[in-house]
Amino acid sequence: MQPSALEPHPDPDPPMGLPILPELAAHLAAAADRTDPEPPGGALTLRATACGYFERRGLATAAERVLAGPGAPALLLALLAATGGDVVLPRPCAAWYAPQARLLGRAVHPAPAPAESGGVPDPFTLLEAVHRARDTGGDPRVLLVSVADDPTGTCPAPEQLHEVCEVAADEGLWIISDETRRDLLHDPHDTVVLSPAEMLPGSVVVLADLRATLVPASWPAALARFPATDPGEVLRAAALDALTGLATPLPGPLAAAVGHALGEPATVRERITAAARLHGRLAAGLHHTLTDAGAVCRPPHAGSHLYADLEPLRPAFAARGVTGPAALERALARWAARGGHRFGDDPKALRVRLSTEALFDPDADRRRRLLAAPDPLEIPAVKEELRALGEALGMERRTAD
């Protein structure tokens, strides 16, 4: 029997991002004649600079405990090759987690996230998922979590994270903590982000894709920080071997610009702060539009995405022939919608991730003005996009009724 055709992926996420900082572009241009790539895992200079990046986030780090690579998916692939065994994932989770495990032929065991926030599983469902997997011959060895979650845009509370870490420790799991978006807190005074590495320093690898905050989205660069223990060193060495085998090192010119960004000069820090504020305001506008339409949506606290459950709107969508997440993402493609099935969620549920970047303007100058606007929600083009989203969700029709 021939396998059924796979569902085509939608167009890539909005590719425009924020305008590139001239300072970073200048560093890239200055190193353009460098013809040698970085060594696998990154040169000592780059890794030493990365130590400062982690230390400013409360994680003391030595250069020999760091690997740099061409994006978080490549580093995750190397990490999973090094750990062996199956992987436990929160449900829903970032769309790029599970494919790395499946490329290696590893089983993936979902553990539903609680209603309060995404990014980590409920501790009881985590325990159940691990025991169920082992009872059926599985070998879970890794729990992958996110402290600033894509797709939900939420951050787990410290006590929730602590309970999950306790279960993982009791079950002998390595924790890989995706901390890519921890700097994009919409209100740093209202949200506390802790790393599992602060709770279980000997059992956690921290993963950070720099494209979400420090460098443009088109510059593949990421870091992994390993525990300062003998098992941590063994894991790092095995991950480095796997990364070497991938033969996809950081390009030399890119490494020079990334090293400058990792030092976080004032211009870079100011851009991160401005980006977090912009995403926060746009996410608030999307959340208000969704919940006014009757959708269920966790209030977003970080990053550029939010995750909505449109089951309450199922009758209205069904009248338009939209009965599943694939059709839903086509109906809401204007807002970079991604159906929940892409994040490991129920393939029949009307759940969808929306992106704040769908509210950006393709013109770079207008994006700069949006970034500097006192209130981005007052920009006419943003107002129009939110109004159109409300209409697509059926708000105007129901109000008229």
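In what sense do E1 and E7 pair, and over how many bridges? Keep that in mind as you open this predicted model, and let's walk through it together.

**Stop one: the strands.** Select E1 and E7: the two pair in the antiparallel sense, over 4 bridges. To find one of the contact points, pick Gly-69, whose bridge partner in E7 is Ala-222.

**Stop two: the faces of E7.** Show side chains for residues 222–225, the span of strand E7. In a regular strand, side chains alternate between the two faces of the sheet. On one side of E7 you will find Ala-222 and Ala-224, on the other Leu-223 and Arg-225, and all of these are buried, so that both faces are covered.

**Stop three: the largest core.** Stay on Leu-223, which is among the residues with the most contacts inside the largest nonpolar core, together with Leu-143, Leu-210, Leu-214 and Leu-262. This core has 52 residues. Elements that each supply at least two of its residues include strands E1 (66–69), E4 (140–146) and E6 (204–209), as well as helices H2 (44–55) and H10 (266–292). Colour H9 as well: this helix gives the most, with 6 residues.

**Stop four: Leu-210.** Centre on Leu-210 and display its neighbours: leaving aside residues up to four places away in sequence, Leu-210 touches Tyr-53, Val-215, Ala-221, Ala-222, Leu-223, Val-258 and Leu-262.

**Last stop: another core.** Finally, select Ala-276, Leu-278, Ala-327 and Ala-336, which are included in a second, separate core of 38 residues.

Note on methods: Residues are numbered from 1 along each chain as its sequence is written. This is a predicted model: local features need pLDDT of at least 70, side-chain atom pairs count only at pLDDT 80 or more; totals for chains, interfaces and linings use all residues. Side-chain values use heavy atoms; hydrogens and water are left out. A nonpolar core is a set of buried Ala, Val, Leu, Ile, Met, Phe, Trp, Tyr and Cys residues joined through side-chain atoms within 4.5 Å. Buried means under 20% relative accessible area, exposed over 50%, partly exposed in between (1.4 Å probe, protein chains only). Contact means heavy atoms within 4.5 Å. Two strands pair if DSSP finds at least two bridges between them.
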